[in-house]
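Hi,

Here is the structure I promised to send over.

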Amino acid sequence: MIDIRNLSRRGFLNMTAAGGAAALMSGTLARQAFAAPLAAVKEEDAIIGFGHVGPVTDEGWTWAHHQGVLAVKEKYPKLKKILEVENVPYSADATRTYRQFVSEGANMIFDTSSTGDFLHDVVKRSPKVAFMECDGRTDMPNLGWYYLAHWYPTYVIGVAAGMMSKTGKLGYVASFPVPSVFSGTNAFLMGARSVNPKATLQTIVINSWFDPQAAAQAGTALIDNGCDFLFGIMDEAAYLQVAEKRGVWAAMWNTDIRRYGPNSYVSSVVIDFKDFYVDQVGQRLAGKWSPSQTILAMGKGVDRDKWGEKVPAEVAKAADAVRDKILGGWSPFTGEIKDAKGNVKVPAGKTMSEVELYHWDWSIEGVSGLSA
Amino acid sequence: MAYRIQRLPSSTPLIAFAARVIAVVLALLVTALILVITGHNPFELAGEVLSSSLFDSFGLQDLGVIFMPLMLTGLSVAIGQQIGAWNIGAEGQFYAGAFAATAIGLFIPAPDWLSLILMGVGGFAAGAIWILVPTLAKAYADVSELISTLLLNFVAALLVYYVATGPWHDRMTNSATPKVAAEIPEFWGAIHWGFPIAILIAIVLALVLSNTKWGYEVRLSGSNPSAAKYAGIPVRRHLIMVMLLSGAIAGFAGMLEVAGTVHRLQGGISNNYGYIGIMVAVLARGSLIGVIFTGAFMAFIQNSGIILQTQGLTTSAVLAMTGLILFLTAIGEELSYYRITRDKV
């Protein structure tokens, strides 16, 4: 786990896109937070709330977070209550749900799929409640955020894609042009280009995290355009099924869903929040919680899945060698890196920091279909 | 001795009120029964609902936040009923108002106070414009407003969805527009000044309808159009005006939602307020003052939905409960016109 809490505030804030005034403000707020942590709560009295973007049965993102909830339940069986709400939309309904958590006496609330200012509105008005926002980008005295360094396993899967694709044309089914998608597409293509410098990546944005029909259409269109390796960031398996039918490779996100396309399945960016949630709840109960910014590292919350049945052994071996290298401290995200317009964005020799990778909002050369 | 069922030409307010209360109680009982069957304890759940909505400051604020748009869409439907027009399109007009308010807030640079006034005017105007075609079609070609207003709801919803995820979308938050800078100030927690304004609109309209010549003519045109025409009342002109007003109020509700609560435009921003507004109006029996109370009641039901979700129930449970209330109210409404008499032999 990389806890970047210890990074100097100034250094951290300089890296973020936040403007001067905003940076100054959130800096001040953060000092208050560390001065007065929330008091300890007895396990029997504690109420923990979780709000999810989808249903816990989605076999994807929400399912993985739900496993974390179950882990908390197992570790702290005496908790007074765990509140869990599915399908929290990105709308004023999210505000209502989180306010309701507070009304029911929640001591700590996790927003497992960033609802942004709909959550922050509640955070502001509930100074005695600890909030954690997954994929959040805002610091407040009682709000921290967490995410995972998915760009590393994505790079590893990219290496496999570069070796396995015959056409050198890779496809990506994207949700929205957000940082997760920029870092995902960029890392994927960089991995592929490390073995096939001519590889390109075509992206289709479908404006949803969960829309099997649109994802299947996008997958079909990408294959029609000559892509023979699909990747994406979906909470379900639709484009894997398309790949299986059309006989091309596919890599997925969240969980092992190879049974939807056993012949096409290459790997998945698998996620695991169990330890993190148990640790956070433990800190809150002990009165030691303060808002932190955490990016779970590869091997500690995010990783590539066990390779698919049809992945050639030499591909798995080569990709895993890269994985070991990254685990050993090497970063593939080292300059020179150019954006899609050819401007040098990361000078030669400079390595992108975790926070820069987290906030990545431009496409590298070779990625098409994402408007930056 | 024989019993006879008699249909009365009109029901008394007391019986109509009783019919609604019985309908609501029955709906709650049926819901409780379903909860028991599915293994929940309805008393525990009811206790949780009451304590965290009526006896909690956050809960009360939530009620208020849901109440504002609901009462206004209810008012929009109820005002149409005065002249015999069923505005099923409050949902669409709500979207139109939210759309216009967001456009003004995002693209017309102005100080906040001016921006809010422009957004308010824009909300009214957009709601009226959205109902303009159904209004003219009804006034001049006798096209049923039930269908025309309903169909425009889908157009408005899709239009908003398109701009919020397309041309106006915000890079970071992906499924909504950027934040609209001008916000209606709040006076108690999340409750903003739209709250008293909404109630004021209802009271003023109720007074105008009951105390002015215009109001009298509108009510007469609604209850008996041919008699009104015969009496020389410009029924068509009143119809057009009342329907436009109905649309404008729903549009204003959309503006309040953007400027007061959500601060962004996004697909689904209406939260079905337009449709639930129909229920608010039906429960209020078309009374503009009654809408304030039934609006509060429906806000309570909607808010209960969120509470029940945190207790492990699905949203559909609440949707079903809302439907039950409407269903039973409709039956009760019809039954309130009947009485059972005993024949004297």
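This is a predicted model: local features need pLDDT of at least 70, side-chain atom pairs count only at pLDDT 80 or more; totals for chains, interfaces and linings use all residues.

Ring pairs join A:Phe50, A:Trp61, A:Phe110, A:Trp145, A:Tyr146, A:Tyr147, A:Trp253, A:Phe273, A:Phe276, A:Tyr277 and A:Tyr358 into a cluster. Across all chains, the search of the whole structure turned up 31 aromatic pairs.

Where do the two partners sit in chain A? A:Tyr146 is in strand 6 (residues 143-148), while A:Phe273 is in the loop between strand 11 (265-271) and helix 10 (274-285), so the pair ties together parts that are 127 residues apart in sequence. As for burial, A:Tyr146 and A:Phe273 are both buried.

A:Arg99 lies over the face of B:Phe58, with 4.3 Å to the ring centre. Within chain B, the charged end of B:Arg7 sits over the ring of B:Tyr337, at 4.9 Å from its centre.

Now for chain A as a whole. You'll find twelve helices and 16 strands in it. Of its 372 residues, 61% are buried. If you take the contacts in chain A between residues at least 6 apart in sequence, 66% of them join residues at least 24 apart. The accessible surface of chain A is about 14,200 Å², and carbon and sulfur atoms account for 53% of that.

Cheers

Terms used:
Residues are numbered from 1 along each chain as its sequence is written. Chains are lettered from A and ligands numbered from 1 in the order in which they are written. Side-chain values use heavy atoms; hydrogens and water are left out. Helices (H or I, at least four residues) and strands (E, at least two) are DSSP runs, numbered from the N terminus. Buried means under 20% relative accessible area, exposed over 50%, partly exposed in between (1.4 Å probe, protein chains only). Contact means heavy atoms within 4.5 Å. Accessible areas come from the Shrake-Rupley method with a 1.4 Å probe; for residues, only the protein chains shown count as cover. Rings of Phe, Tyr and Trp (its six-membered ring) pair if their centres lie within 6.5 Å; planes under 30 degrees apart count as stacked, over 60 as edge-to-face and the rest as tilted. A charge sits over a ring if NZ of Lys or CZ of Arg is within 6 Å of the ring centre and within 35 degrees of the ring normal.
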